[in-house]
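Please read the following briefing alongside the sequence and the model.

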Amino acid sequence: MKQGAVRSDYLDWLAEAFDVGRRFTPLPDGDVVVGYATGYDAADIAPFVLSLRAVFEGPVALVVDAEPALRAFLAQHRVTAIDAPVWRGWAPHPVMQRFVAFAGLLGDRSGVALACDVRDVIFQAPPFDPAPEGLEAYVEAETPLGDHAFNMKYLRALFGDAQARQLADKACLCVGTIVGPRAEVSRLSRLILSLPNAPRREIGGAFGADQAAFNLAIHQGLVAARVQPNYGRIATVGLTPGPKLGFRDGKVVNPDGDVSAIVHQHDRHQHLETPVHALWGGGLEQRRRVRPRTAAQTLKKWKMSLRRRMPELR
């Protein structure tokens with residue numbers, strides 16, 4: 001190692017990631033929806049696919065595992081299945097890996113894109129109506145970032161106490177749904193990958209690093225984006241008290257009585273999850289968001305938590 005160099009698995013992975021991203025073939029010009037759905041099968045993603053195809057005819061691409069039944073389901077509904085990258089060694093959590101695929105699939109092409117979570121997203125109207133005028137970031141909670149321990153944990157870990165305090169009074173934005181011109185969403189994806197470049201691999205590559213990088217990028221003006229209130233184009237309902245939400249005439253209804261085109265985190269509420277699955281589950285098994293952890297998964301989580309608290313050799 002050269003004098004002064006920092007040994008970091010995340011930084012090594014990031015160099016490989018940018019090279020891998022350039023190998024993706026961008027989708028054709030036009031409006032597109034992209035998602036990252038490794039670890040899921042057809043039952044997990046049926047509500048996303050079936051509700052989307054009820055309101056959107058354009059290209060849809062999902063990064064998925066090579067599972068034949070899943071691939072057949074996607075082909076049946078005209079969704080392009082993309083192979084997940086295979087990394088040479090250590091790799092971060094999929095919530096970070098997905099931005100490599102998003103950047104490559106969107107490219108510098110014309111049209112607008114939705115880059116989003118898959119398992120907990122459904123569609124109730126065309127996602128790009130009205131057309132976005134620029135990059136849009138969506139509020140997910142009525143209270144600011146400082147009131148959300150999860151977000152503050154990773155802001156402090158990645159960017160330090162001072163920057164975390166600067167952002168504490170800002171809106172809590174959700175990285176799970178991003179809409180805007182394709183080139184701008186692609187650029188933001190590369191920025192999200194670049195910002196969590198702390199030497200600690202467990203921080204830069206952890207679940208939560210994406211959310212911290214996204215909030216920093218928007219609130220510090222590193223990209224030009226319009227911050228949109230909750231319950232507009234997108235309703236992010238995970239932090240909304242259940243009694244404020246309803247399900248009527250086949251739609252999730254917001255606290256103000258309106259209906260959003262895109263609903264995120266509906267599965268946090270059983271009184272929404274059950275009718276949504278009945279409508280869009282395609283006759284497949286209803287999957288619960290929280291699943292029992294194996295002993296190996298519990299041990300891995302414990303080890304990662306311990307490593308985050310240990311100094312890293314340089």
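Predicted model: local features only at pLDDT ≥ 70, side-chain atom pairs only at ≥ 80, totals over all residues.

Residues are numbered from 1 along each chain as its sequence is written, and side-chain values use heavy atoms, with hydrogens and water left out.

**Chain as a whole**
- The mean pLDDT of the chain is 91, and 88% of its residues reach 70 or more.
- The chain holds 10 helices and 12 strands, taken as DSSP runs numbered from the N terminus (helices H or I, at least four residues; strands E, at least two).
- Of the 314 residues, 51% are buried, where buried means under 20% relative accessible area, exposed over 50% and partly exposed in between (1.4 Å probe, protein chains only).

**An open sheet**
- Three strands form an open sheet of mixed pairing in the order S5-S12-S9, two strands being paired if DSSP finds at least two bridges between them.
- Strands S5 (121–123) and S9 (234–236) stand at the edges with a single partner strand each, so one side of each is left without a neighbour in the sheet.
- S9 pairs with strand S12 (residues 262–264) in the parallel sense over three bridges, and isoleucine 234 stands opposite isoleucine 262 in S12.

**Helix H8 and its charged partner**
- In helix H8 (residues 209–219), 11 of its 11 residues are buried, and the helix is followed by glycine 221, whose phi is positive, near 70 degrees.
- Aspartate 210 meets arginine 98 in a salt bridge (2.7 Å, N to O), the term standing for a side-chain nitrogen of Lys or Arg within 4 Å of a carboxyl oxygen of Asp or Glu.
- Because arginine 98 lies in helix H4 (residues 94–106) and aspartate 210 in helix H8, the pair ties together parts that are 112 residues apart in sequence.
- Arginine 98 is buried, with a relative accessible area of 7%, and aspartate 210 is buried at 5%.

**Other salt bridges**
- The count comes to 15 salt bridges, and one network of them links Asp41, Asp44, Glu285 and Arg287.
- Arginine 287 and aspartate 41 have their closest N and O atoms 3.0 Å apart, and this pair links parts of the chain 246 residues apart.
- Arginine 287 counts as partly exposed at 24% relative accessibility, as does aspartate 41 at 25%.

Definitions and conventions. pLDDT = per-residue confidence, 0-100.
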